[in-house]
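Please read the following note with the sequence and the structure open side by side. The numbered points below can be followed one at a time.

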Amino acid sequence: MTKLDFTISVSSFNILSFDDDFTADLLGANVGSTLSLFLADDDEMKVLRDHVERLATAKEGFSTFNLVFKALTCTGMAPEANRSPLHGVFRSPIRAIHTCGEEHLACFVSIQLTPDGESFHLTALEYSRSHRESMIRQEFGSWLLEEHVEQAVIATDALGLVVFWNRFASELYQWTKEDAIGKNIMELTPSEMTQEQGMEIMGKLMQGQHWKGFFGVQRKDSSKFIAHVTDTPILDNDDILRFIVGVSADYTQMHNLMEELKTLNADLEKKVAIRTKEAVEFRLEAEKAASASRSKTEMMQMLSHEFRTPLQGIMGVSSTMLSYLEEGSVYDCFATISASSRLLLTLINNVLDLGKMDANKMTTIETCTIPVLPSIRDSLQFCHHFALLNDVSLVLENEDTVDWTIQANQLRLDQILVNLLSNGIKYTAPETSVVVSVRQCLASDMVIEAMNAGTSDLKFLNSVALEAIRNQRIIMIVISIRDHGKGIPEEEMPTLFGEFVRLKVSLEKDRNYDSQGSRKIVGQSSGSGLGLNLVMKFVSRMGGHIWVKNCEHGGGAVFSFCFPKGVESFCDEDGSRADSSRHLQAHDLSKEDASALRVLVVDDSVINQKVIKRMLERLGVKEIHLASDGLKALEFLGSESPVELPNVILSDLNMPNIDGYELIRHIRQMNQYEMPPKAMACSADWTRETEQTCTDAGFDGVLRKPITFTVLRDFLAETATADAELNED
């Protein structure tokens, strides 16, 4: 790797001395030459001046950054530098773009002031090919943030000066990127927050905590709107705040809608309270309340779809980027996005299911015989990035010996496992593990264990019902999830499964620091108080039981639940199965198989089209067609020859003109196909009724939104494998 060493004057930036002749020969420089002659352009010189001034003002010892030098004889003088013959893109911190080929040296630079402050020593190391390729990948990620993330993304330094401003920030706040860079964020986006609120936010960010919330913001034209803002701090190795990355969106319409809903609900409650006192009008008011409840359910379904659309963009892009990246800071950022979006998806599902139960639309849950291990493996994979984020490992004991089945519902079993695993990760100490184990026992032994636990649903039963369960001569499959946290206080055990109940430990921040000074968090202050309540309801309504106890040795708590052991064959294509996007058999998708696929994506959301197209391109699919509704899809299919027709169709359900159900009926009636295409419905509706309707209409299955890179890869691999087997036959 090429190394440059010289000493430079602070006042004139002339070269005072070289540490070796190689540096002078490589750059064609002499003592007394001005350093700007050997940098790629004036912008690079400005970067250097800014860092030197910052060192002199702050009286710091050294600084590191990137610079691009000119090189006269770099290939002849330094062949060991392993330069790429291809021209790559190198971007400096002030956004200057250079072509780095044989005539340039893209370098990592360290500068250090001399004790008298009159000069500084500069050491530059040229990036190797792998470093340069890494920078190209980072440029692609920066391009995505700047041009294709449909939210305003703004980054500032610790003083509030803007260093990054994407295209959607310009659309939202009306300031161009050129106007914004280098300006104070408070001058560009005046807000209605108080000084106390601002100090509270900065206090959290300086401690490394994220902040999100709503407040009024003013645009360039002085118009105001309500912004939803998420601020993420970036700390250096000394835990000092260096940058703040803010993601914001206009939530005025949503805020007004929610305020209107609150007003309507408040008015409705007053009216119901008054009418209940009047027997004559009781029936009329009851009908009004029922109508309002239906409207609320429809609104929740609408919000569910609206929430999952941006989640498709976040989860799709983050999972795709993770497939590009190797472990590092950028990888960690996208892993954090992936983990956070999966937790948000879990919370959305919990809220919707709670609403269904409150409306008595889930009094019983249909069950069938399902295998245990696939659900456990999928749930561990789902929580993987969240566990990495918390420095917690996930362990499945006796995996190779367990092949049991249980009587349960696939979708609800998945939700139970994800909720309990997320809970365990949240309260487990860093650098420990959350352990999942499976065993079988008699119902009578299960009753004894549950009654001796800290709390259990069995403790709420009367003696007759308890005795009936104890006398059942059946085998129960018990799934246990153990964390390594502080455990649950005995006085809080009786209310653990209550609605909106949060443990006191979840309200406390217990921070530890290791010998290197890195922050560790035990018992994060988070959680809605819905997860455990829903878990108990799901388990009970599927005929199972649940209990919790603290570990006697080693700390932590163990959540155990059980269902009767399966006695029938696996479920066939009926409504009680989980969605088709879960438990896909993992396959490798070769480039040859991917290039043979011709995919038609039908969706009225531009976000979904872009994200799925990007994932397909990453997987190696060459032929990708997009349609915004069923009508345009049929027009495309009608114009193609039989050889060129898509062999895979991914279609949304709710679209203008022709929806997904009508589209698949038309496709199944087409005569152009010698072999029918693999058609999958892409739906944000997770209900069993929707899945059954899709299969009845002619879809081969359902991919549940948000669709991740892994789910799409496994589906395409399974499709390619099935096609290959058919061709062999």
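1. I234 has a relative accessible area of 38% and is therefore classed as partly exposed, where buried means under 20% relative accessible area, exposed over 50%, and partly exposed in between, with a 1.4 Å probe and protein chains only. The residue sits in strand 11, which covers residues 224-235; helices (H or I, at least four residues) and strands (E, at least two) are DSSP runs, numbered from the N terminus. Together with V163 and F243, I234 forms a nonpolar patch on the surface, and the three have about 220 Å² of accessible area together. Patches are made of residues with over 30% relative accessible area and no salt bridge, with nonpolar side chains (Val, Leu, Ile, Met, Phe, Trp, Tyr) joined within 5 Å and like charges within 9 Å, while the areas come from the Shrake-Rupley method with a 1.4 Å probe, and for residues only the protein chains shown count as cover.

2. A word on the basis of these values. This is a predicted model, in which local features need pLDDT of at least 70 and side-chain atom pairs count only at pLDDT 80 or more, whereas totals for chains, interfaces and linings use all residues. Residues are numbered from 1 along each chain as its sequence is written, and side-chain values use heavy atoms, with hydrogens and water left out.

3. Side chains of opposite charge can pair when their charged atoms come close. A salt bridge is here a side-chain nitrogen of Lys or Arg within 4 Å of a carboxyl oxygen of Asp or Glu, and by this rule the count comes to 16 salt bridges. One of them joins D50 and K46, whose closest N and O atoms are 3.1 Å apart. Because D50 and K46 are four residues apart in helix 2 (residues 42-58), about one helical turn separates them. D50 is partly exposed at a relative accessible area of 25%, and K46 is also partly exposed, with a value of 44%.

4. K613 is partly exposed, with a relative accessible area of 28%, and E617 counts as partly exposed at 33% relative accessibility.

5. Two packed helices are described by the angle between their axes and the distance between the axes. The axes of helix 20 (residues 630-639) and helix 21 (residues 660-668) come within 9 Å and cross at roughly 20°. Helix 20 is therefore roughly parallel to helix 21, given that angles under 35 degrees count as roughly parallel, over 145 as roughly antiparallel, 65 to 115 as roughly perpendicular and the rest as oblique. These axes are lines fitted to C-alpha atoms, for helices over the stretch in contact, and angles run from 0 to 180 degrees between N-to-C directions.

6. Phi of Q174 is near 75°, a positive value in a residue other than glycine, and Q174 lies in the loop between helix 5 (167-173) and helix 6 (177-180). D239, which is likewise not glycine, has a positive phi near 60° and is placed in the loop between strand 11 and strand 12 (241-250). Q174 is partly exposed at 32% relative accessible area, and D239 is partly exposed at 29%.
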